[in-house]
Amino acid sequence: MPVVLGNDMVETYVRLLCPECGKDWEDTPADLPGAGDTFHCPNCHASRRTAEYMRTDHDLSTLKELG
Ligand SMILES: [Zn+2]
């Protein structure tokens with residue numbers, strides 16, 4: 001189903017940082033599991049809660065709002 005965004009909407013990214021291997025990257029909240037769900041690092045395949053990959057509290061609140 002297509003999603004229509006208003007002119008004031010920009011695609012939101014959260015910044016991630018793997019606590020095990022140090023990989024940092026960005027992803028859209030829609031592509032990530034919920035904050036309390038298990039997420040596997042695409043680099044080292046660590047298994048941690050998605051919240052543990054959030055680089056800042058701001059990224060965590062973005063994930064909780066939009067994820
Ligand atoms: Zn990793």
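Thr 38 touches Pro 33, Ser 47 and Arg 49, leaving aside residues up to four places away in sequence; two residues are in contact if their C-beta atoms, placed from the backbone, lie within 7 Å. The model is a predicted one, in which local features need pLDDT of at least 70 and side-chain atom pairs count only at pLDDT 80 or more, while totals for chains, interfaces and linings use all residues. Residues are numbered from 1 along each chain as its sequence is written.

Between Thr 38 and Arg 49, which are 11 residues apart along the chain, the C-alpha separation is 4.4 Å. Thr 38 belongs to strand β3 (residues 38-40). Strands (E, at least two residues) and helices (H or I, at least four) are DSSP runs, numbered from the N terminus. Thr 38 is classed as exposed because 11 other C-beta atoms lie within 10 Å.

The protein chain contains 1 helix and 4 strands, arranged along the sequence as β-β-β-β-α. Of its 67 residues, 10% are buried. Contacts between residues at least 6 apart in sequence include 43% that join residues at least 24 apart.

Strand β1 (residues 14-17) has Val 14 and Leu 16 on a covered face, and Arg 15 and Leu 17 on an uncovered one. Strands β1 and β2 (residues 24-27) run antiparallel and are joined by 4 bridges; strands pair if DSSP finds at least two bridges between them. Across this pairing, Val 14 stands opposite Asp 27, and Leu 16 stands opposite Trp 25. The hairpin of β1 and β2 has 6 residues between the strands, and Gly 22 takes a positive phi near 85° there.

In soluble globular proteins, nonpolar side chains tend to be buried together. Phe 39 touches Leu 32, Pro 33, Arg 48, Arg 49, Thr 50 and Tyr 53, again not counting residues up to four places away in sequence.

Definitions and conventions
A residue is buried if 20 or more other C-beta atoms lie within 10 Å of its own, exposed if 12 or fewer, and partly exposed in between; C-beta atoms are placed from the backbone.
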